[in-house]
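Biologist: Could you take me through this model? I would like to begin with a hairpin and then move on to other topics.

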Amino acid sequence: MILRKLAFVFLGLLGPIQMANAKECLLSHATYREPRSGAVLQFRPLDNEPAALTAQVFSLSVPNTDNNLPADITWTNGKNSFPLGTIRHACTDDDREAGLQDGSGLCRIWEGQVYALTGGGAEQLNSREATPAPKGLLLPDFGVAFTEWADFANANPDGSAWDAFTLTGCSDE
């Protein structure tokens, strides 16, 4: 009986400790996972990124492949600026013909606004470099674009993806 009570006390204390650790994680060190496809976003700190408006950089791990795709979040200019995410891959001839190649020499798989998912819903992502990692990220229309991308479709014939990613970890790097 005493052991059971101690276990409940320990579990009760563990919850706030885990919540404190989640609050301490910066977006630049966060790992997110999309539950349906298993795709993983791994953020990393900015290191001399070429674009002045780049706020965050990350990579997307494609399930059942060795692909890690480069990606970033930049801020648009102007009074009503917003975070614009882009996920890229090496271009094929078809991609170039479709006009998907950008100034980086790579082609876009997905591009769109990025929202922070909090307990209260979706909010605009914060533009500060030292942004705490939100509980989740929403990338509108990511699921459709990712599912239709040939490399994902070939490696995951019955695969599909959603637009929401959940915080799963925090790196020390």
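Modeller: This is a predicted model. Strands E1 and E2 form a hairpin with 6 residues between them. In the turn, Gly38 has a positive phi of about 85 degrees.

Biologist: How many bridges hold E1 and E2 together, and in which sense do they pair?

Modeller: E1 and E2 pair in the antiparallel sense, over 3 bridges. As an example, Arg33 has Val40 in E2 as its bridge partner.

Biologist: And what about E1 and E10?

Modeller: E1 and E10 also pair in the antiparallel sense, here over 4 bridges. Tyr32 has Leu167 in E10 as its bridge partner, and Ala30 stands opposite Cys170 in E10.

Biologist: What is the order of the strands in the sheet?

Modeller: The 10 strands form an open sheet in the order E6-E5-E4-E3-E2-E1-E10-E9-E7-E8, with antiparallel pairing. E6 and strand E8 (121–124) stand at the edges with a single partner strand each, so one side of each has no neighbour in the sheet. From one strand to the next, the twist averages 30 degrees.

Biologist: Remind me, what holds strands of a sheet together?

Modeller: Strands pair through backbone hydrogen bonds, in either a parallel or an antiparallel arrangement.

Biologist: Back to Cys170. What is it bonded to?

Modeller: Cys170 forms a disulfide with Cys25, and their sulfur atoms are 2.2 Å apart. The link is right-handed, with 95 degrees about the S-S bond. The pair joins distant parts of the chain: Cys25 lies in the loop between helix H1 (2–24) and strand E1 (30–33), while Cys170 lies in strand E10 (residues 164–170), 145 residues apart.

Biologist: Is Cys25 buried or exposed? And what of Cys170?

Modeller: Cys25 has 3% relative accessibility and therefore counts as buried. Cys170 has 40% and counts as partly exposed.

Biologist: How many disulfides does the structure hold?

Modeller: The structure holds 2 disulfides. Cys91 and Cys107 also form one, with sulfur atoms 2.0 Å apart. The link of Cys91 and Cys107 is right-handed, with 110 degrees about the S-S bond.

Biologist: Are Cys91 and Cys107 buried or exposed?

Modeller: Cys91 counts as buried at 15% relative accessibility. Cys107 is buried as well, with a relative accessible area of 0%.

Biologist: What pattern do the disulfides follow?

Modeller: Counting bonded cysteines along the chain, the disulfide pattern is 1-4, 2-3.

Biologist: New topic: aromatic rings. How many aromatic pairs are there?

Modeller: The count comes to 6 aromatic pairs. In one of them, the rings of Phe43 and Phe58 have centres 4.7 Å apart and planes at 35 degrees, so the pair is tilted. Phe43 is in strand E2 (residues 40–44) and Phe58 in strand E3 (residues 54–61), 15 residues apart. Both Phe43 and Phe58 are buried.

Biologist: Why is the pair of Phe142 and Phe146 called stacked?

Modeller: The ring planes of Phe142 and Phe146 lie at 20 degrees, with the centres 4.9 Å apart, so the pair is stacked. Planes under 30 degrees apart count as stacked.

Biologist: Where are Phe142 and Phe146 in the chain?

Modeller: Phe142 and Phe146 are 4 residues apart in helix H3 (residues 142–148), so about one helical turn separates them. Phe142 counts as buried at 0% relative accessibility, and Phe146 is buried with a relative accessible area of 0%.

Biologist: Which residues do ring pairs link into a cluster?

Modeller: The cluster consists of Phe142, Phe146, Trp149, Phe152 and Phe165.

Biologist: Finally, what are the totals for the chain?

Modeller: The chain has 4 helices and 10 strands, in the pattern α-β-β-β-β-β-α-β-β-β-β-α-α-β along the sequence. Of its 173 residues, 34% are buried. The accessible surface comes to about 10200 Å², with 54% belonging to carbon and sulfur atoms. Among contacts with a separation of 6 or more, 48% involve residues 24 or more positions apart.

How values were computed:
Residues are numbered from 1 along each chain as its sequence is written. This is a predicted model: local features need pLDDT of at least 70, side-chain atom pairs count only at pLDDT 80 or more; totals for chains, interfaces and linings use all residues. Side-chain values use heavy atoms; hydrogens and water are left out. Helices (H or I, at least four residues) and strands (E, at least two) are DSSP runs, numbered from the N terminus. Buried means under 20% relative accessible area, exposed over 50%, partly exposed in between (1.4 Å probe, protein chains only). Contact means heavy atoms within 4.5 Å. Accessible areas come from the Shrake-Rupley method with a 1.4 Å probe; for residues, only the protein chains shown count as cover. A disulfide is a pair of cysteine sulfur atoms within 2.5 Å. Rings of Phe, Tyr and Trp (its six-membered ring) pair if their centres lie within 6.5 Å; planes under 30 degrees apart count as stacked, over 60 as edge-to-face and the rest as tilted. Two strands pair if DSSP finds at least two bridges between them. Axes are lines fitted to C-alpha atoms, for helices over the stretch in contact, and angles run from 0 to 180 degrees between N-to-C directions.
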